[in-house]
Amino acid sequence: MKPRCVNGGRAMISLISERRTPYHGWPAGPKLLGLSLFTLAIFYMDGVPLSLTVMAAVCAAYLVGGLGFAREGLRLMRPVLVFVAMIMVWHLAVGRIPEGVVIVLRLLAAIAAANLVTLTTRMEDLLDVIQRGLARIGVPATARRRFALSIALVIRFTPVLVQKGGLLVESWRARTVKRPGWRLVLPFALMAIDDAEQTAEALKARGGLL
Amino acid sequence: MERNLTLIALFAALIAALGLVPKLTLISGVPISAQSLGIMLCGTVLGAKRGALAVLLFLALVALGLPLLAGGRGGIGVFSGVTMGYLIGFPVAAFVTGLLAQMWRDRGGFIFPAVAALIGGVIVLNVLGIIGMSIKLDKTLMEASLLATPFVPGDVLKCVLAGLITQGLLKARPGLAQA
């Protein structure tokens, strides 16, 4: 079993699907707008037949991308299934099954639709939409640049931290049979802080944030 | 300025890393996610404004599609999910925690940051999380709070840890608290 810390870098790769679908070519802005409208509409969804229809439509939308793509979508839904099970058990127990079905379908449809956007939109394109939106509401260019820089910094440093964290865990286990635990968080955080200071120095040396 | 930016970015990275480093269970055998500890630390160490910004930055990256939430979750979908109240609550929790921690900064020790983390990171966060679940699952607040209750003991433990770690961090790097 591969230790996850080795794949710290993988976590910084976005969830976009490598399988090319028609949706990949659609511009990000309209996709997000469509998603917001859809999510809002779902909130008012009522009754089992309508909910089933909407859910079926979402499934059909996934199948447009192919079976493999639909399976990826299903994998992305896995964390929700626990809640779905709990909700259905509850509603079965109190005998309010149609209500439970609607709640579950509403939840699944909203999440699945949002995931569809995530699976088919590049991070860079989403960032562009955000930047344009920020500009439109009057956020100054300097602030927008800082935002872009901070995104880049987090992406750059998370795998480094994960790797260093992994090393801390390893060196701890080399010294004791006790489980690595909270005592590691302090040196871990100290490392992050010292990295931040070093990066700040490097930025200053390069002329600062302007 | 550069220093604040990099600190905010690194703490956002820390929240992500705490969720990603395996085997970092907080106490033996109990799989409590260390990620909300990161949220608390943003408040207790960086203060209200920087702490909240760090958390918002983290959420922005999750929204952009990076699987940084505990359990490898990510994308805009998580904001439509059952835990959306908690996600909205994260930056609020960091802000409230930070406000209190800043207020009590001059009193040394770990109790004050721990209490700040408790009020912000447990009480405020769970209130918002429960409201979110109650809306999403169409349940009363009472029913939704039942879902939240099992996690509270773990959260209280995290507050104590946040206090201890903050105390250690501020002792090791005294200039940290200055914005």
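1. Let's start with one residue. Setting aside residues up to four places away in sequence, I8(B) touches S150(A), R50(B), L53(B), A54(B) and L57(B); a contact here means that two C-beta atoms, placed from the backbone, lie within 7 Å. I8(B) sits in helix α1 of chain B. It counts as buried because 27 other C-beta atoms lie within 10 Å. The cut-offs are 20 or more such atoms within 10 Å for buried, 12 or fewer for exposed, and partly exposed in between, again with C-beta atoms placed from the backbone.

2. Some housekeeping. This is a predicted model, so local features need pLDDT of at least 70 and side-chain atom pairs count only at pLDDT 80 or more, while totals for chains, interfaces and linings use all residues. Residues are numbered from 1 along each chain as its sequence is written, and chains are lettered from A and ligands numbered from 1 in the order in which they are written. Helices (H or I, at least four residues) and strands (E, at least two) are DSSP runs, numbered from the N terminus.

3. Now the interface. On it, 53 residues of chain B are in contact with 58 residues of chain A. Elements giving two or more residues to chain B's side are α1 (2-20), α2 (35-46), α3 (48-63) and α7 (152-172) of chain B. Of these, α1(B) gives the most, with 14 residues. By class, chain B's side has 35 nonpolar, 11 polar and seven charged residues. Here Ala, Val, Leu, Ile, Met, Phe, Trp, Tyr, Cys and Pro count as nonpolar, Asp, Glu, Lys and Arg as charged, and the others, Gly among them, as polar.

4. Helix α9 (residues 185-205) of chain A packs against α1(B) at about 145 degrees, with axes 8 Å apart. Axes are lines fitted to C-alpha atoms, for helices over the stretch in contact, and angles run from 0 to 180 degrees between N-to-C directions. The contact residues divide into 10 nonpolar, two polar and five charged.

5. Within chain B, the axes of α1(B) and α2(B) come within 7 Å and cross at roughly 155 degrees. The two helices are therefore roughly antiparallel (over 145 degrees; under 35 is roughly parallel, 65 to 115 roughly perpendicular, and the rest oblique). Their contact includes L7(B) and F11(B) from α1(B), and L37(B) and I39(B) from α2(B). It divides into nine nonpolar, three polar and no charged residues.

6. Buried or exposed: which is A117(B)? Buried, because 34 other C-beta atoms lie within 10 Å. A117(B) is in helix α5 (residues 111-136) of chain B. Leaving aside neighbours within four places in sequence, its contacts include M40(B), T97(B) and C159(B). The C-alpha atoms of A117(B) and V160(B) are 8.3 Å apart, though 43 residues separate them along the chain.
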